[in-house]
Amino acid sequence: MAKEITLHFITSADETLTVDAVVGDSVMETAVKNDIDEIVAECGGSLICSTCHVYLEDSTIAILPEADDSELDMLEGVASERKENSRLSCQIIVSEEMEGHTIRTPQDQ
Ligand code: FES
């Protein structure tokens, strides 16, 4: 059976949703499977929509590869404020190191 970890999503309204995330899935897939409404993911992870925008915590950023040029380009088109900790969740693969981490979702996608 696929290994699972716990992730917490905090919505723009400060609602916390705790979900099981399958290691190897993207954070976007995890959000969609768990009905996190603030992740729209129109393009299904093809990096052409920017509607899977999330804000990460420093502890998560520290263990992830940096965003590549394609992701950085798409981040320029996000609907909510782009911050230093903005990422596109379809480009973030759930790993065991992310156990218990928190991901914030923006109001608009
Ligand atoms: S789901 Fe479209 S860019 Fe991430």
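Strand β1 (residues 4-10) is joined to β2 by seven bridges, with the two running antiparallel. Strands here are DSSP runs of E at least two residues long, helices are runs of H or I of at least four residues, and both are numbered from the N terminus; two strands count as paired if DSSP finds at least two bridges between them. All of this comes from a predicted model, in which local features need pLDDT of at least 70, side-chain atom pairs count only at pLDDT 80 or more, and totals for chains, interfaces and linings use all residues. Residue numbers start from 1 along each chain as its sequence is written.

Zooming out, five strands make up an open sheet with mixed pairing, in the order β2-β1-β5-β3-β4. β2 (16-22) and β4 sit at the edges, each pairing on one side only. From one strand to the next the twist averages 40 degrees, taking axes as lines fitted to C-alpha atoms (for helices, over the stretch in contact) and angles from 0 to 180 degrees between N-to-C directions.

Then there is the packing. The largest nonpolar core has 21 residues, and Val27, Met28, Ala31, Ile39, Ala41, Cys52 and Ile103 have the most contacts inside it. Such a core is a set of buried Ala, Val, Leu, Ile, Met, Phe, Trp, Tyr and Cys residues joined through C-beta atoms within 7 Å. β1, α1 (27-33) and β3 (53-56) are the elements that give two or more residues to this core, and α1 gives the most, with four residues. Beyond its neighbours within four places in sequence, Ala31 is in contact (C-beta atoms, placed from the backbone, within 7 Å) with Phe9, Ile36, Ile39 and Ser89.

Gln91 lies in the loop between β4 (86-88) and β5 (102-104). Gln91 counts as buried because it has 20 C-beta neighbours inside 10 Å; the cut-offs are 20 or more other C-beta atoms within 10 Å for buried, 12 or fewer for exposed, and partly exposed in between, with C-beta atoms placed from the backbone. Outside four places in sequence, Gln91 is in contact with Leu47, Ala67 and Glu71.

Methods:
Two residues are in contact if their C-beta atoms, placed from the backbone, lie within 7 Å.
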